[in-house]
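Please have the model open as you read.

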Amino acid sequence: MSNDEIDALRSGFRGAVLLPTEEGYDEARSIWNAAIDRHPAVVVRPLGAADVMAAVRFARERSLEISIRGGGHHVAGHAVTDGGLMIDCSAMKSVRVNPDGKRAWVEPGALLHDVDVETQAHGLVLPGGFISLVGISGLTLGGGFGYLSRSLGLTVDSLRSVELVTADGEFVTASESENSELFWALRGGGGNFGVVTAFEFGLHELEPTVLAGPIVYDVADAPDVMAAVTDVIRAGPDEIGCTMAIRKAPPAPFLPEEVHGQSVLIVTVMYGGDVSAGEEVLAPIRAIGEPIADAVGPKPYTVFQTMFDAVAGLGARNYWKTHYLAELSEEAIGVICERAADIASPETAISMMALGREISRRPADSTPYQYRDAEWVLIIQARWRDPDEDETHTGWARGVFEDLASHATGGVYLNATSPDEGQAGVRDAFGTETYERLAMVKAEWDPENVFHLAPNVRPGA
């Protein structure tokens, strides 16, 4: 691109336009997964929909590959293009709440924490996300689940409308009543259909203080504890949110120092309702076994949501694999515990998140997100720092994935697909029928596959 072309882009563009030699470029191209190191020809940081429209048209006129960054948290690193134009939406992060109408309008650069803080100021909440530093765009477009999803559904189940810029650089709105098939595709079909400039969400009531926290066990007790926790959750109410993870103990203040760096099972629970009612509901879980530490207690929801941000922060190399489980069976638990013994990195974990209930009550064809009947999702999270160890950690993650395949339902979670999963992984995230329906929507709105830097659905015939 010539200087004149860059000057033309900057003319009338309200946000920043960054070239590789300019201050702020390296910060803009850096994303959560440190294993991704790509260099766009130009990075634009729009301040509104008009800037996004200008950026898309500029790239299309010059046949530049386009990447879109919301929070930049997807493990595959789709947010960054090599040699193309990167649309970095991180400056567009406003969250506006209408408490009377229980609605929120959220820009694409907002993180989940931004949404949590603004909605909780009114005793309201949007379900979705176990880590508050994830971007709201990727979380939503891929489905989105968290501690409240068993009682309130997926993030996409609360989506009411979307504003976006199409591959032609045009501005459109999608909802149940306007461009309804596009709206269906946006509720879990990934970033295949345009650049989102605003989401409208319906919100739910939640008091700012919840009963929540981690309970930590010696890894030797993991098989019995995991089975017992599973039984309590299956018999308990929808309001129980739970994750279980086997990993090296982080240097958390609620853990004895001698445990730091040792393999542990961390059971994290939250009751999505009245704290006093939660005390009774969570008591059977807290009574299981002999924990090393129990940090469950009343906490601001916004604080609890940030509790594990530090162990999932920036700077690490990441490779993830996922499975859905119809149940967390004794056999599956055995494989998980056996393979967790091989964890080499202090940042790696095998995590299990409880799903089902309200998620499963929605029709399977209501959104592209398909695996609503699964009781658990399992995420194999390999995280390390040394590039020389790439093969070791990715090989371990693939091995765990293969060993658990016979216990899984089939299918993967779109928001946790790694770069090497390709088209097979995308099809596994949707299933054949849903993929083909998405491909037809893609053919209508992006027939040239401009937005292919995503878990890509290719245009149908």
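A residue counts as buried when its relative accessible area is under 20%. Keep in mind that this is a predicted model. With that cut-off, Cys-242 is buried, because its relative accessible area is 2%. Cys-337 has a relative accessible area of 19%, so this residue is buried as well.

Cys-242 takes part in none, and the nearest cysteine sulfur, which belongs to Cys-337, is 14 Å away. A disulfide would need the two sulfur atoms within 2.5 Å.

Now turn to the sheet. Here 4 strands form an open sheet with mixed pairing, in the order β1-β2-β4-β3. β1 (16–18) and β3 stand at the edges with a single partner strand each, so one side of each has no neighbour in the sheet. From one strand to the next, the twist averages 20°. β1 and β2 (residues 42–45) run antiparallel and are joined by 3 bridges; look for Val-17, which stands opposite Val-44 in β2. Helix α3 (residues 49–61) packs on this sheet, where α3 touches β2, β3 and β4. The direction of α3 makes about 170° with that of β4.

Finally, follow the chain into the loop between β3 (66–69) and β4 (85–88), where you will find His-78. Is this histidine buried or exposed? His-78 counts as buried, because its relative accessibility is 18%. Leaving aside residues up to four places away in sequence, His-78 touches Arg-38, Ser-67, Ile-68, Leu-453, Ala-454 and Pro-455.

Note on methods
Residues numbered from 1 in each chain as written. Predicted model: local features only at pLDDT ≥ 70, side-chain atom pairs only at ≥ 80, totals over all residues. Heavy atoms only, no water. Helix = DSSP H or I, 4+ residues; strand = E, 2+ residues; numbered from the N terminus. Buried < 20%, exposed > 50% of the residue type's maximum accessible area, 1.4 Å probe, protein only. Contact = heavy atoms within 4.5 Å. Pairing = 2+ DSSP bridges. Axes fitted to C-alpha atoms, helices over the stretch in contact; angles between N-to-C directions.
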